Amino acid sequence: MKTEVNFFAGIGIFFAAVAAWYGLWTDWSEPVGWVALFLSAGMGLMIAFFLWNTARKLPARPDDDEDGEIEMAEGPYGAFAPYSWWPLWLSLSGSIIFLGVAVGLWVAAFGVILGVWALCGWVFEYYKGEHAH
C-alpha cells in the first residue's frame with residue numbers, strides 16, 4: 001500500500017498548496033474556492049492516513065516487494081456476481097434523488113422508493129434465481 005499512500009498524500013499536499021496559492025492570489029476574499037481546495041486536500045490526506053494506518057496492521061503485500069514476482073499476487077480476490085443489473089438501478093435512483101433535491105421533493109421521494117427497491121434487490125441477489133446459495 002506504499003504506492004497508494006504516497007499517491008493520496010501527494011494529492012493532499014498538491015491541493016493544500018494550490019489552496020494557499022489561490023487564497024493569497026484572491027486576498028482570501030473569495031470564500032468558496034480556497035475552502036473547497038482545502039477540503040479536497042483534507043480528503044486526500046484522510047485517505048492517505050487511512051491507507052497508512054491499515055498498512056501498518058496488515059502484512060506486506062506482494063505489490064510492495066521490489067523483488068516480487070507476478071505469481072505472488074495470484075489467488076482469489078473475492079466473490080463477485082457474474083452479471084448484475086442492480087448497481088445500474090441504484091445509480092439511477094441516486095441520480096433521481098439528486099434531481100429531486102433541485103427540482104422538487106416529490107421527485108426525490110420517487111427516487112428513494114426506487115432506491116430502496118434496488119438496494120433490496122442487490123442485497124438479496126444471491127437468495128433467489130440462478131445464483132442462489
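**Close-up 1. Helix H3 and the nonpolar surface patch.** Helix H3, residues 86-103, gives the most to a nonpolar patch, with three residues. The model shown is predicted. Tyr83, Trp85, Leu88, Trp89, Leu92 and Trp117 form this patch on the surface. Together these residues have about 670 Å² of accessible area.

Close-up 2. Trp85 sits in the loop between H2 and H3. Its relative accessible area is 59%. Trp85 therefore counts as exposed, the cut-off being over 50%. Trp85 is also one of the residues of the nonpolar patch.

**Close-up 3. Asp27 and Trp28 in the loop between H1 and H2.** Helix H1 spans residues 2-25, and Asp27 lies in the loop between H1 and H2. Trp28 is found in the loop between H1 and H2 as well. Asp27 is not a glycine, yet has a positive phi of about 55°. Trp28, also not a glycine, has a positive phi of about 55°. Asp27 has 64% relative accessibility, so it counts as exposed. Trp28 has 38% relative accessibility, so it counts as partly exposed.

Close-up 4. Asn53 lies in helix H2, which covers residues 33-57. Its relative accessible area is 19%. Asn53 is buried because this value falls under 20%. The side chains of Asn53 and Arg56 are joined by a polar contact of 2.6 Å.

**Close-up 5. Segments annotated as transmembrane.** An unreviewed UniProt entry carries the annotation "transmembrane region" for residues 7-25, 31-52 and 96-124. Two of these segments are described here. Residues 7-25 are 100% helix and 0% strand. The end C-alpha atoms of residues 7-25 are 27 Å apart. Residues 31-52 are 91% helix and 0% strand. For residues 31-52, the end C-alpha atoms are 32 Å apart.

**Close-up 6. Domain 1 and domain 2.** The chain is divided into domain 1, residues 1-64, and domain 2, residues 85-124. The C-alpha centres of the two domains lie 31 Å apart.

Notes
Residues are numbered from 1 along each chain as its sequence is written. This is a predicted model: local features need pLDDT of at least 70, side-chain atom pairs count only at pLDDT 80 or more; totals for chains, interfaces and linings use all residues. Side-chain values use heavy atoms; hydrogens and water are left out. UniProt positions are given in the numbering used here, feature names are shortened, and annotations may be inferred rather than shown by experiment. Helices (H or I, at least four residues) and strands (E, at least two) are DSSP runs, numbered from the N terminus. Buried means under 20% relative accessible area, exposed over 50%, partly exposed in between (1.4 Å probe, protein chains only). A polar contact is a pair of N or O atoms within 3.5 Å; within protein, one must be able to donate a hydrogen and the other to accept it, and residues adjacent in sequence count only if both atoms are side-chain atoms. Domain bounds come from an automatic or database domain assignment. Patches are made of residues with over 30% relative accessible area and no salt bridge: like charges are joined within 9 Å, nonpolar side chains (Val, Leu, Ile, Met, Phe, Trp, Tyr) within 5 Å. Accessible areas come from the Shrake-Rupley method with a 1.4 Å probe; for residues, only the protein chains shown count as cover. A salt bridge is a side-chain nitrogen of Lys or Arg within 4 Å of a carboxyl oxygen of Asp or Glu.
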